[in-house]
Amino acid sequence: MRHPGTTRSGTVALGVVAAICWAGLSAAPAHAAASCADLDRPTWHVVNPSTGSSLLTPWSQEADNAASYGWTEIEGTPFKASTGPADELVAVHRLYDRDTRDFQWQFAGSAAKESAEAAGYADQGVNFFASRSAIAGCTVAVSSLTKGGHHQYALPGEVAALVAQGWTQAGTTFHAAPSTPVVEPAPVPPPPPAGTDTTFSFAVMPDTQNEVGPTDQRMPARVSWLVDNKKALDLRWVLHSGDVHNWDTPDHAQFAAMSQRLEPLTAAGLPFVAAAGNHDTGAVCPGGSACPGADTSVTVRDTSTWNAYYPPSRMGLQGVFEAGHSENGWRTFAAGGVDWLVLNLELWPRTSVINWAKNVVATHPDHNVIVLTHSFLEGSGEVSTSNGGYGANSPATLWAALDDYPNVVMTFSGHVGQVANTSLTARDGHKVATFLEAMHAPTTNPVRIVTVDTAAGSIRTEVRSNFDRALPAGEQDVIRVYPYTATVTGMRWVR
């Protein structure tokens, strides 16, 4: 059972801890019928590398001290058992052969237990309680394998590798709850009705903080191109993954300029939703650095100027985390024969915001959710594990909170790197397409065009610009397609 080990401390000897644990287990009272809630005790798995023999224990101190006896490879807590009885749960005894230094786990009163004792294994008492058979949606089989007179225990996904190493599978010993809960595969939705227009596009702007100058024409040129090509691209909405501006000033000049430059989108009937980046908050002062003498973890939540120029009403948000604030909100659309929900989230979101976001996703099970936030992917395409040093939760924490929802299908972010995309696998096995577009272009005005085909289950994106201020006047309107074209297949939509 290969799981990450955890460093713990403890000084009580193996036998002493075991005696205390077994005494407590044998005295536990009976209670109600078994459920996932009863299988709540993480059980440690430690391996003796010289023999391959397993040690299973619900007691962290015993796992600590097992190194003194040769069990040194701590492989985490791959499953959860119960330390007390319940209907449908049966006592699992631990048996030990002193000569071979090998453990077995067998149900009380079973023929396998009697056979092990006849072979010289001593009964060390009840180790934990587990189920003889599977509990739907709750348990996983824990199998025993043998090699050279020793036993090792494994979850289903680990058996094949051990067999390849010469172990022989002896069968399922008991059923317990995996540390990673069982998630049933999401059903495959039916195809769209015949005649449905299944293809459409939307645009995603990268970090535009370098375009805030009073005479910079890159944003107006980008917006004009999107408006002019709305029909040709079948463009339904426009997103911005944050850092619309570089910093705020007392006269809010950058906010006033960029807000005005984006207005033609609304006039053309193109809905616009933008994430607030760190440069769009009170965390960044003139010059681009953190404001001196300020607590950045506090100022990053100062979105007063942002909401003055981009209130929820401007983005058409149908729900928000906090009244009057657009940095955490959602809006629905219909396109390609399915329903969509754009979930706009603050940078490195607070736990309360993540919980709110989970509720939004859960209460819209028939909407395909697109998560828009300033930081999610690193420039390498990996999900970031950093909160920037002054945020609340990292993107990895956000992903862990959303990955078990079958309707989360895409994420868009900026903040670092240039352009990247990767696919994540959600808990039910469906693919989540994740995209990064930061760019920080010095002279051009890139935008990502995302084309979705709900019938083919595909997403195709390309990054292009239509203006380059480095060229001579009169030659600046030039279309450039960047080498970042990507196609994602195997997408599954909810309907």
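Which side chains meet in a salt bridge with K113? Select K113 and E117 to begin: the two side chains form a salt bridge, 3.2 Å from N to O.

**Before going on**

This is a predicted model, in which local features need pLDDT of at least 70, side-chain atom pairs count only at pLDDT 80 or more, and totals for chains, interfaces and linings use all residues. Residues are numbered from 1 along each chain as its sequence is written, and side-chain values use heavy atoms, with hydrogens and water left out.

**Stop 1**

A salt bridge here is a side-chain nitrogen of Lys or Arg within 4 Å of a carboxyl oxygen of Asp or Glu. Side chains of opposite charge can pair when their charged atoms come close. Show helix α3 (residues 111–118), which holds both K113 and E117. Helices (H or I, at least four residues) and strands (E, at least two) are DSSP runs, numbered from the N terminus. K113 and E117 are four residues apart, about one turn of the helix.

Now colour the pair by accessibility. Buried means under 20% relative accessible area, exposed over 50%, and partly exposed in between (1.4 Å probe, protein chains only). K113 has a relative accessible area of 10%, so K113 is buried. E117, at 33%, counts as partly exposed.

**Stop 2: R94 and E62**

Select R94 and E62, whose side chains meet in a salt bridge at 2.6 Å, N to O. R94 belongs to strand β5 (residues 89–97) and E62 to helix α2 (residues 60–65), so this pair ties together parts that are 32 residues apart in sequence. Are these two residues buried or exposed? R94 is buried at 2% relative accessible area, and E62 is buried at 1%.

**Stop 3: D428 and R492**

Next, select D428 and R492, another salt bridge, with 3.3 Å from N to O. This pair links distant parts of the chain: D428 is in the loop between β19 (419–425) and β20 (431–437), while R492 is in the segment after β24 (486–488), 64 residues away. D428 and R492 are both buried.

**Stop 4: the disulfide**

How many disulfides does a search of the whole structure find? The search finds one. A disulfide is counted as a pair of cysteine sulfur atoms within 2.5 Å. Select C285 and C291, which form the disulfide with their sulfur atoms 1.9 Å apart. The torsion about their S-S bond is about 100°, so the disulfide is right-handed. C285 is partly exposed at 21% relative accessibility, whereas C291 is buried at 13%.

**Stop 5: two loop residues with positive phi**

Most residues other than glycine have a negative phi. Select D234, where phi is near 55°, a positive value in a residue other than glycine. D234 sits in the loop between α6 (230–233) and β12 (235–240) and is partly exposed, at 26% relative accessibility. Then select H252, with phi also positive, near 55°. H252 is in the loop between β12 and α7 (253–267) and counts as partly exposed at 27%.

**Stop 6: helix α7**

Show α7, a helix of 15 residues. From first C-alpha to last, α7 reaches 22 Å, close to the 21 Å expected at 1.5 Å a residue; the expected span is 1.5 Å times one less than the number of residues. Where does α7 bend? The bend is at R261, by about 30°, and P264 follows within four residues. The bend is the angle between axes fitted to the seven residues ending at a residue and the seven starting there.

Buried residues of α7 include F255, M258, R261 and L265. The buried residues of α7 pack against β11 (199–205), α5 (218–228), β12, β13 (272–274), α9 (304–309) and α10 (312–315), where contact means heavy atoms within 4.5 Å. After the helix comes G269, with a positive phi near 75°.

**Stop 7: the open sheet**

Finally, show the seven strands of an open sheet in the order β14-β15-β16-β17-β18-β20-β19, with mixed pairing. β14 (319–320) and β19 are the edges, each with a single partner strand, so one side of each has no neighbour in the sheet. Two strands pair if DSSP finds at least two bridges between them. Zoom in on β16 (residues 338–344) and β17 (residues 367–372): the two run parallel and are joined by six bridges. N344 has L372 in β17 as its bridge partner.
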